[in-house]
Amino acid sequence: MPAATTPHRPSRLRARLAAALAAAALAAPIAAAAQGAAAARAGANLDVLHYTARVEPDIAGKTLRGQVSIRLALRAEGAQQLEFDAGELEIEKVSERGRALVFEKVEQRLRVRLPQPGKSGERHEIDVVYRGAPRYGLEFHPERGEVYTIFSTSQWLVCIDAPSERASLDLTLTVPSGLKAVGNGRLVSKSALGGRRDSYRWRQDQPMPSYVYGFAAGRYNEAGGTGENGELRFLSAELEGPQLRKLFGDSADMLRFFGRRAGIRYRGTYSQVLVAKTVGQELDGFALLSEAYGREVLEKPEAQGLIAHELAHQWWGNMVTNRDWGQFWLNEGFANFMAAAYLEHRFGEAAYRERVDSWKRRVDKLRESGKDHALVYANWNKPTADDRAVVYQKGAYVLHLLREELGERAFWRGVRTYTRAYYGHSVTSADLRQVMERASGRDLSAFFARWVDGAEPAPAMPSRPDPAK
């Protein structure tokens with residue numbers, strides 16, 4: 001997801017990134033997960049194991065048709081009603097093993113009734129056929145022959161939006177012939193179909209939260225490179241191969257840097273796609289960035305913080321994931337901080353300090369306006385620009401302060417231990433604290449109480465003298 005705004009970038013880029021923070025509030029997984037307490041979320045009584053999905057967007061018509069088989073295990077004894085997130089999709093049919101199931105669509109939830117109450121651990125495979133004309137979650141650009149996902153998975157796939165719900169994915173995408181496509185996991189096959197259509201199929205074996213599922217397809221130029229443990233792909237409809245290789249020339253170094261800091265190397269293909277417009281988004285195995293942003297980085301390589309931010313999410317966000325959206329800073333604050341750490345590695349300490357100073361100024365502004373907040377939110381519902389500043393910028397600033405508090409060796413040892421311990425799992429701020437305490441041998445209760453669980457009061461304003469005295 002988009003990095004926070006920093007100073008000294010081109011003015012157009014500053015404006016775009018500021019707008020990105022405002023637009024990020026529309027991200028459906030965040031909004032959907034914030035509709036109620038964890039117990040009230042869709043899928044609370046089930047564990048999704050695997051999705052097998054087939055999606056065919058109509059780029060010219062800005063619609064889609066799809067079907068998904070959801071393999072799941074019941075978590076609750078006697079469960080009979082199952083709920084899924086389904087955005088604004090129109091549900092045509094729900095069945096299991098060919099037998100029609102009773103269902104209803106209530107707001108953005110699909111409710112399915114099993115024929116009889118189930119037992120805890122009992123497995124089911126629910127088949128859903130649907131269609132839609134998404135207003136968000138799926139971007140259509142017919143003039144470019146382009147379609148791509150953006151944040152809101154349940155607007156194009158019936159699923160569970162909760163970040164703690166991980167599942168593997170088999171995704172087949174059908175698009176007009178001649179388009180190049182990118183999706184999650186490894187490409188299993190590409191085949192030509194009738195009607196001048198091509199079918200791409202990807203398989204993601206590592207269970208992942210659904211908000212990082214996605215795809216992009218368009219009339220892309222392509223260049224590539226080699227990372228430490230896999231292939232790099234760079235795609236754009238506007239830039240040519242040499243420009244793409246220059247733009248993403250540091251991607252292999254970013255992968256090495258983050259892999260060493262995490263203590264886990266990235267393996268597999270990683271793709272970076274420039275699309276018509278986006279605020280920037282991480283997905284499993286690839287990132288989407290805007291064409292305009294790509295051109296600005298070509299002019300000023302130091303502005304590649306957003307590239308690093310989205311790439312850092314492959315560890316902090318995708319694999320080590322906030323347990324719920326109230327803990328969102330563990331995704332975004334970490335990615336912001338790690339992007340700055342990479343800029344320090346690439347351009348020197350001054351580049352890092354520039355980021356730190358910008359975070360501090362934003363935190364000071366929050367305090368002065370009375371908008372400071374604990375990093376952990378009880379309810380991440382309709383977040384304001386100030387709320388997002390807390391998560392992105394204050395979150396990164398707190399990690400910087402923790403780095404200074406613990407020193408280089410203990411801090412980075414803690415980051416490695418934390419990432420390894422929770423790789424492929426969901427986390428809370430308490431998990432981070434416990435790991436950092438073990439890594440440093442320090443009691444961090446006061447630090448976390450002040451900076452993570454609390455908010456700094458605004459500085460006292462001097463009282464005005466009474467003119468009558």
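Student: Which residue's side chain meets Lys-360 in a salt bridge?
Tutor: Asp-364 does. In this predicted model, the N to O distance is 3.0 Å.

Student: And where do Asp-364 and Lys-360 lie?
Tutor: Both are in helix 8, residues 349–368. Four residues separate them, about one turn of the helix.

Student: Is Asp-364 buried or partly exposed?
Tutor: Partly exposed, at 22% relative accessible area.

Student: Switching topic. What does Glu-291 form with Arg-144?
Tutor: A salt bridge. Their closest N and O atoms are 3.0 Å apart.

Student: Which parts of the chain does that pair link?
Tutor: Distant ones, 147 residues apart. Glu-291 sits in helix 5 (residues 291–299). Arg-144 is in the loop between strand 9 (138–141) and strand 10 (146–149).

Student: Are Glu-291 and Arg-144 buried or exposed?
Tutor: Glu-291 and Arg-144 are both buried.

Student: What about Arg-403, which residue is its salt-bridge partner?
Tutor: Glu-408, with 2.6 Å from N to O. Arg-403 is buried, at 7% relative accessible area. Glu-408 is partly exposed, at 42%.

Student: Which residues do shared partners join into one network?
Tutor: Glu-83, Asp-85, Glu-104, Arg-109 and Arg-111.

Student: Last one. How many salt bridges does the count come to?
Tutor: The count is 36 salt bridges.

Technical notes
Residues numbered from 1 in each chain as written. Predicted model: local features only at pLDDT ≥ 70, side-chain atom pairs only at ≥ 80, totals over all residues. Heavy atoms only, no water. Salt bridge = Lys/Arg side-chain N within 4 Å of Asp/Glu carboxyl O. Helix = DSSP H or I, 4+ residues; strand = E, 2+ residues; numbered from the N terminus. Buried < 20%, exposed > 50% of the residue type's maximum accessible area, 1.4 Å probe, protein only.
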